[in-house]
Amino acid sequence: MRYGRSYMEWLIAITGLPYEVMILILLAVAGAFAGFVDSIVGGGGLISVPAMLLTNLPPSVALGSNKLSSIFGAGSASITFYETIWLILGWFVNYCLLPL
């Protein structure tokens with residue numbers, strides 16, 4: 001805080017955007033960063049849940065949104081694994097079993 005103003009008031013004063021638009025932009029940036037972190041090492045919820053709670057969302061909504069995003073992430077990872085395992089099995093059959 002600087003001169004008694006919050007950081008959000010400071011951002012609004014600099015950008016001139018309405019409060020609701022600033023919240024949406026900050027949530028979009030936090031969500032993109034959380035998705036990036038989650039795809040590399042996991043644990044993107046450690047970024048997205050506090051960001052949602054800082055916007056005064058109820059905890060049940062923040063945790064439900066986090067769970068929904070993790071369901072989609074696990075689903076896409078499962079589909080990718082399924083496609084990869086068939087590629088590996090096809091390679092194994094073609095190059096290891098068929099020449100015998």
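Select N56, the residue with a positive phi, near 65°, that follows helix α3. The model is predicted: local features need pLDDT of at least 70, side-chain atom pairs count only at pLDDT 80 or more, and totals for chains, interfaces and linings use all residues. Residues are numbered from 1 along each chain as its sequence is written, and side-chain values use heavy atoms, with hydrogens and water left out.

Next, select α3 itself, residues 45-54; helices here are DSSP runs of H or I, at least four residues, numbered from the N terminus. Colour S48, V49, A51 and M52, which are buried (under 20% relative accessible area with a 1.4 Å probe, protein chains only; exposed is over 50%, partly exposed in between). Looking down the axis of α3, these buried residues fall within an arc of 165°, so they line one face of the helix; the arc is taken from the directions from the helix axis to the C-beta atoms. On the face turned away from the buried side, pick out L46 and L54, both exposed.

Now show α2 (19-40) and α4 (59-97), which are among the elements covering the buried residues of α3.

Keep α3 and α4 on screen. Their axes come within 9 Å and cross at roughly 150°, the axes being lines fitted to C-alpha atoms over the stretch in contact, with angles from 0 to 180 degrees between N-to-C directions. The two helices are therefore roughly antiparallel (over 145 degrees). For the contact (heavy atoms within 4.5 Å), select G45, S48, V49, M52 and L53 of α3 with P59, A62, L63, S65 and N66 of α4. These residues divide into six nonpolar, four polar and no charged; Ala, Val, Leu, Ile, Met, Phe, Trp, Tyr, Cys and Pro count as nonpolar, Asp, Glu, Lys and Arg as charged, and the others, Gly among them, as polar.

Definitions and conventions: Parallel < 35°, antiparallel > 145°, perpendicular 65-115°, else oblique.
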